[in-house]
Amino acid sequence: MTSRFELFSSSIYGIYRDILKIQRDEMIKHNLRGSYALYLTVLHHNPEGLTATQLCEVCDKDKAAISRVISELEQKGLVTRVSIGDTFYRAKLKLTDQGRTIAERVDRAAGIAVDTATKGMSEEDRRIMYDCLGLIATNLRGICKEGIPEP
């Protein structure tokens with residue numbers, strides 16, 4: 001008999017692996033890394049721009065990873081920093097025209113992928129699924145901070 005842990009872990013890992021493959025396959029069309037998909041779509045959905053700190057929070061990534069990605073996206077001409085006053089400290093990150101074009105394509109493909117992955121689910125099923133995923137993420141974050149509670 002398969003334990004809940006095995007089922008949970010293998011399902012989550014399988015979903016994650018497939019998401020990474022879909023991102024990689026889509027981004028290779030643009031000569032970009034698969035991991036850029038999330039950053040480009042998040043910036044696309046925030047046309048007013050986000051600071052690096054805000055991008056960290058939304059993408060749930062650490063500052064070092066975001067800094068590397070931002071640097072690479074800037075070098076490729078997909079993202080620009082918009083200064084606030086005389087300084088680039090806490091500058092807003094915005095997509096360039098080229099970045100916006102790619103982000104729109106990636107966002108459209110991501111929407112199709114999610115629609116296809118959730119085919120057969122009702123809107124209520126989707127709402128419950130996202131509520132449950134949010135709860136699981138919150139609970140796992142608590143376990144990571146505090147350890148596994150004693151039974």
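Visitor: How far apart are E123 and R126 in helix 6?
Guide: In this predicted model, E123 and R126 lie three residues apart in helix 6, which spans residues 123-146, so about one helical turn separates them.

Visitor: What do E123 and R126 form?
Guide: E123 and R126 form a salt bridge, with 2.9 Å between the closest N and O atoms.

Visitor: And is E123 buried or exposed?
Guide: E123 is exposed, at 60% relative accessible area. R126 is buried, at 18%; the cut-off for buried is under 20%.

Visitor: OK, further along. Which residue does R127 pair with, and at what N to O distance?
Guide: R127 forms a salt bridge with D131, and the closest N and O atoms are 2.6 Å apart. R127 and D131 are four residues apart in helix 6, so about one helical turn lies between them.

Visitor: How accessible are R127 and D131?
Guide: R127 is partly exposed, with 42% relative accessibility. D131 is partly exposed as well, with a relative accessible area of 46%.

Visitor: Which residues are linked with R127 in a network?
Guide: E124 and D131. Salt bridges link E124, R127 and D131 in a network.

Visitor: Switching topic. What about K29, which side chain does it meet?
Guide: The K29 side chain meets that of E26 in a salt bridge, 2.9 Å from N to O.

Visitor: Buried or exposed, those two?
Guide: K29 counts as exposed, with 60% relative accessibility, whereas E26 is buried at 16% relative accessible area.

Visitor: Last one: how many salt bridges in the whole structure?
Guide: Nine, from a search of the whole structure. Among them are K29 with E26, E123 with R126 and R127 with D131.

How values were computed:
Residues are numbered from 1 along each chain as its sequence is written. This is a predicted model: local features need pLDDT of at least 70, side-chain atom pairs count only at pLDDT 80 or more; totals for chains, interfaces and linings use all residues. Side-chain values use heavy atoms; hydrogens and water are left out. A salt bridge is a side-chain nitrogen of Lys or Arg within 4 Å of a carboxyl oxygen of Asp or Glu. Buried means under 20% relative accessible area, exposed over 50%, partly exposed in between (1.4 Å probe, protein chains only). Helices (H or I, at least four residues) and strands (E, at least two) are DSSP runs, numbered from the N terminus.
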